[in-house]
Amino acid sequence: MSWIISTADVLGGEPRIADRRIGVLDVYELVVAGRSPVDVADQLDVTLAEVHAALAYYYEHPAEMRTLRREREETKRTLASEALAPPHTA
C-alpha cells in the first residue's frame, strides 16, 4: 500500500496521507513544533505508521517540501495584506 499520495483535487495536489486530507507538511510541522509522532497520530486519528510515512516522505523530498513551504508562506502574506487593505469604495 502506498501511504502517501497526491491528487490534484485534494489539498491542491500536495502530498498527503492516503484516504485523508492530512498533508505531509502538516504532519511534519506538528512534529517540529514539539509533538511526538505518537501524539500526532492520536491527534489526527491516523496510525503511527502513517505519521512515520509522512515524515519519511518529507525528508525524502526536500526540494518539493521547500517549494510547498514557500507557497504556503506566500499565501499567508497575500491573505494578511488583503485583510489589512482598506475596503474599496464605490
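Angles of 65 to 115 degrees between axes count as roughly perpendicular. Keep that range at hand for the exercises below, which explore a predicted model.

## Exercise 1: Helices α1 and α4

Work out how helix α1 is oriented against helix α4, and describe the contact between them.

*Step 1.* Start with the geometry. Two packed helices are described by the angle between their axes and the distance between the axes. Here α1 and helix α4 (residues 62-84) pack at about 85°, and their axes are 11 Å apart.

*Step 2.* Compare the angle with the range above. α1 and α4 are therefore roughly perpendicular to each other.

*Step 3.* Look for the residues that meet. From α1 come V24, L25, D26 and E29, and from α4 come M65, L68, R69 and R72.

*Step 4.* Sort them by class. The contact of α1 with α4 has four nonpolar, no polar and four charged residues.

*Step 5.* Follow one of these residues further. R72 sits in helix α4. Leaving aside neighbours within four places in sequence, R72 is in contact with E14, L25, D26 and E29. Its C-alpha lies 18 Å from that of L55, and R72 and L55 are 17 residues apart in sequence.

## Exercise 2: Helices α2 and α3

Find the angle, the handedness and the residues of the contact between α2 and α3.

*Step 1.* Helix α2 covers residues 37-44 and helix α3 covers residues 48-60; they pack at an angle of about 115°, with axes 8 Å apart. That makes α2 roughly perpendicular to α3.

*Step 2.* Turn to the handedness: the crossing of α2 and α3 is right-handed.

*Step 3.* Now pick out the residues. P37, V38, V40 and A41 of α2 make the contact with L48, V51, H52 and L55 of α3.

*Step 4.* By class, the contact of α2 with α3 has seven nonpolar residues, one polar residue and no charged ones.

## Exercise 3: Helices α3 and α4

Describe how α3 and α4 cross and which residues take part.

*Step 1.* The axes of α3 and α4 come within 5 Å and cross at roughly 95°. α3 and α4 are therefore roughly perpendicular to each other.

*Step 2.* On the α3 side, the contact is made by Y57, Y58, Y59 and E60, and on the α4 side by P62, E64, M65 and R69.

*Step 3.* By class, the contact of α3 with α4 has five nonpolar, no polar and three charged residues.

*Step 4.* A53 has 15% relative accessibility, so A53 counts as buried. Not counting residues up to four places away in sequence, A53 touches W3 and I4. A53 and T67 are 14 residues apart in sequence and, C-alpha to C-alpha, 20 Å apart in space.

## Exercise 4: Two positive phi values

Locate L11 and D45, give the phi of each, and decide how exposed each residue is.

*Step 1.* Recall the background. Most residues other than glycine have a negative phi.

*Step 2.* L11 has a positive phi, near 55°. L11 is found in the loop between β1 (4-5) and β2 (16-17). With a relative accessible area of 26%, L11 is partly exposed.

*Step 3.* D45 is not a glycine, yet its phi is positive at about 60°. D45 belongs to the loop between α2 and α3. D45 has a relative accessible area of 59%, and exposed means over 50%, so D45 is exposed.

Technical notes. Residues numbered from 1 in each chain as written. Predicted model: local features only at pLDDT ≥ 70, side-chain atom pairs only at ≥ 80, totals over all residues. Heavy atoms only, no water. Axes fitted to C-alpha atoms, helices over the stretch in contact; angles between N-to-C directions. Helix = DSSP H or I, 4+ residues; strand = E, 2+ residues; numbered from the N terminus. Parallel < 35°, antiparallel > 145°, perpendicular 65-115°, else oblique. Left-handed = near helix turned anticlockwise from the far one by under 90°. Contact = heavy atoms within 4.5 Å. Nonpolar A, V, L, I, M, F, W, Y, C, P; charged D, E, K, R; others polar. Buried < 20%, exposed > 50% of the residue type's maximum accessible area, 1.4 Å probe, protein only.
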